[in-house]
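Dear colleague,

Please find below the structure for your records. My findings follow it.

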Amino acid sequence: MDGVDEPADEPRKRGRPKVSSDEDKRTHIVEIARRVFVKYGYAGSTTAVVATEAGVSKQTLYKLFQSKEELFAAVVGAHRRLMLDLPRPAEDLPIAESLEHIFMIDMDEAKDADRAGFLQLVFREAAQFPELIDILQREGMLASRQHLADWLSDRRAEGRLTLDDPASGARMLMDMIFGGMGPPEGRAQAWPDRVGLLAHLRRCIAIFAAGVGAS
């Protein structure tokens, strides 16, 4: 009896890791693709280059991403978490402090450079490839703005702030923070040093928090 049951169990054991393996491959390919896009630009990047640098076959890549546009959209979706740390669990912190965490203004400089580098790529090549802005809006900015609006709405429901239109508040706050980070050509040209930049961003958050009567 044992000899009959054992083979029946084996296929299940071998089959389970496959989903995880595909998810791991997808995550790895997206990270490599981001580096490739930043390094070579959108025009100079191909799925073949991404597959080579990721160490996977083109067949494997196309099984997970059907086109370069779909791969770029996945990169934007992953990159969105570098823009806003949302959604996030409820936390017992002052609103201003939570917003500093959400916008990750204390992000280490290496990650901050990654965040800036990818945005610079999109703005630099948007004239030639307008679809990049469409993808960035759909998969990145619009999704991020909705998450932020939902967060503000939840805090309003808790009575921790007063805001008649969370969607407008989310747009206003993102304009203040991302606009304050500097122009597309790079933050180093907008601020003499990182200390000045962080002080400005904290000031923006404090002004917003005061404006909505945040507790």
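In what follows, two residues are in contact when heavy atoms of theirs lie within 4.5 Å. Please note that this is a predicted model.

By that criterion, and not counting residues up to four places away in sequence, L99 touches L148, W151, L173, I205 and F208. Both L99 and L148 are among the residues with the most contacts inside the largest nonpolar core, together with F72 and F103. That core has 55 residues, and helix α8 (residues 130-157) gives the most to it, with eight residues.

Helix α10 (residues 194-211) has 18 residues and reaches 26 Å from its first C-alpha to its last, close to the 26 Å expected at 1.5 Å a residue. Its buried residues are L197, L198, L201, C204, I205, F208 and A209. Seen down the axis of α10, these fall within an arc of 130 degrees, so they line one face of the helix. Their cover includes α6 (95-102), α8 and α9 (166-180). On the other side of α10, V195, I207, A210 and G211 are exposed. At the N-terminal end, D193 caps the helix, with a side-chain oxygen 3.2 Å from the backbone nitrogen of V195. Just after α10, G213 takes a positive phi of about 60 degrees.

R80 is found in helix α5 (residues 68-83). Because its relative accessibility is 15%, R80 counts as buried. Leaving aside neighbours within four places in sequence, R80 is in contact with L86, E139, G140, A143, S144 and H147.

Finally, an unreviewed UniProt entry places a "DNA-binding region" at residues 46-65. This span is 75% helix and 0% strand, and its end C-alpha atoms lie 12 Å apart.

Yours sincerely

Key:
Residues are numbered from 1 along each chain as its sequence is written. This is a predicted model: local features need pLDDT of at least 70, side-chain atom pairs count only at pLDDT 80 or more; totals for chains, interfaces and linings use all residues. Side-chain values use heavy atoms; hydrogens and water are left out. UniProt positions are given in the numbering used here, feature names are shortened, and annotations may be inferred rather than shown by experiment. Helices (H or I, at least four residues) and strands (E, at least two) are DSSP runs, numbered from the N terminus. Buried means under 20% relative accessible area, exposed over 50%, partly exposed in between (1.4 Å probe, protein chains only). A nonpolar core is a set of buried Ala, Val, Leu, Ile, Met, Phe, Trp, Tyr and Cys residues joined through side-chain atoms within 4.5 Å. The expected span of a helix is 1.5 Å times one less than its number of residues. The arc is that of the directions from the helix axis to the C-beta atoms. A polar contact is a pair of N or O atoms within 3.5 Å; within protein, one must be able to donate a hydrogen and the other to accept it, and residues adjacent in sequence count only if both atoms are side-chain atoms.
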